[in-house]
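Here is a short report for a reader new to this structure. Look over the sequence and the 3D view before reading on.

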Amino acid sequence: MTDVDINYLRTWIGRERSVSDVITPRLAASLDAVLDIERNASPGAAAPVGIHWCLAPDIVPMRGIGRDGHPARGSFLPPVPFPRRMWAGGELAFSGDFRIGDEVSRVSTIENVELKKGQSGKLIFVTVRHRYATSRGRSLDERQDIVYRELESASIKEECAPTREVADYSRHVEANSVLLFRYSAITFNGHRIHYDEPYVTGEEGYPGLIFHGPLQATLLLDLATERRNGNSPRTFAFRSTRPLFSGGRISTNARSETKQTSLWISDQENNVTMEAWCK
């Protein structure tokens, strides 16, 4: 077991960072390509859904990255000593839109750092609030939940994935390593679990390359937008239920309910790896 000074880590609460980036036609076309969509990425047009997860990534020199390929911890994010880092989930509240050519500002704040103990061991949750704006005003408020785990705590067999009823609508996606690499490239994500199979299997103990949390969320958000005739939902909440690995075909699914739409991703064995709700 790793010793954790949670009181020290909680001193990061309230830390803030401001960045900005531009939604270029090339970036929009790149995300469309990852989503397997062909359209004209011209200035002023609506940007692809999920484009905000491609903006203003952490860019540090090679000497500034950690063993896992991420920027070394302890600057904006707290220096959590657990090696495994994954997205646990989050929530989006849209108040505007993103267009190609927009300069987008993002103000990020550490809202909470919490130590929990689950069936598989110690977990540290870091909650980050992101506020996005363009020249037209506030466009998006996002809560992002990041979970850190010890090496001993990643037994997939212990995790109970929820089951779902039959979907109203489904899409199939080929979950191959090229898809993961391309998404890593457009988000400047160096996390080795997404492209370095010897690392993810030999050092982190997973059976294969792992899908990005925001890539799964983007696939579901795109499905929700399609089901709403091209209109983004007002709110979109999601949570990861188990890792999604590369190889074979996965499905994104939607089911209309009385007050909301439920969405989920099913892996190659029909396990639910991410679920979401939108209005």
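The model is predicted.

**Strands**

| Strand pair | Sense | Bridges | Example of facing residues |
|---|---|---|---|
| E1 (residues 16-22) and E3 (residues 103-118) | antiparallel | seven | Val22 and Glu103 |
| E3 and E4 (residues 121-134) | antiparallel | 13 | Val107 and Arg131 |

**Nonpolar cores**

The largest nonpolar core has 55 residues. Seven members touch the most others: Ile23, Phe98, Phe211, Leu215, Phe236, Phe238 and Leu263. Which helix gives the most to this core? Helix H5, residues 213-227, does, with seven residues. Another core lies apart from the largest one and has 13 residues. Phe76, Phe82, Val126 and Ile146 are among them. In general, nonpolar side chains of soluble globular proteins tend to be buried together.

Take Ile23 as an example. Leaving aside residues up to four places away in sequence, Ile23 touches Ala47, Ile51, Leu55 and Phe98, among others. The contacts of Ile23 also include Arg99, Ile100, Gly101, Asp102 and Val104.

**The second largest pocket**

This pocket has a volume of about 380 Å³. Its lining counts 24 residues. Closest to the centre are Ala46, Ala47, Val49, Gly230 and Ser232. By class, the lining holds 10 nonpolar, eight polar and six charged residues. Helix H5 returns here: H5 supplies the largest share of the lining, four residues.

Note on methods: Residues are numbered from 1 along each chain as its sequence is written. This is a predicted model: local features need pLDDT of at least 70, side-chain atom pairs count only at pLDDT 80 or more; totals for chains, interfaces and linings use all residues. Side-chain values use heavy atoms; hydrogens and water are left out. A nonpolar core is a set of buried Ala, Val, Leu, Ile, Met, Phe, Trp, Tyr and Cys residues joined through side-chain atoms within 4.5 Å. Buried means under 20% relative accessible area, exposed over 50%, partly exposed in between (1.4 Å probe, protein chains only). Helices (H or I, at least four residues) and strands (E, at least two) are DSSP runs, numbered from the N terminus. Contact means heavy atoms within 4.5 Å. On a 1 Å grid over the protein atoms alone, a cavity is a set of points where a 1.4 Å probe fits but cannot get out, and a pocket is an open set with protein on both sides within 12 Å along at least five of seven lines; lining residues have an atom within 4 Å of a point. Grid points are joined across faces, edges and corners, and a volume is the space filled by probe spheres set on the points. Ala, Val, Leu, Ile, Met, Phe, Trp, Tyr, Cys and Pro count as nonpolar, Asp, Glu, Lys and Arg as charged, and the others, Gly among them, as polar. Two strands pair if DSSP finds at least two bridges between them.
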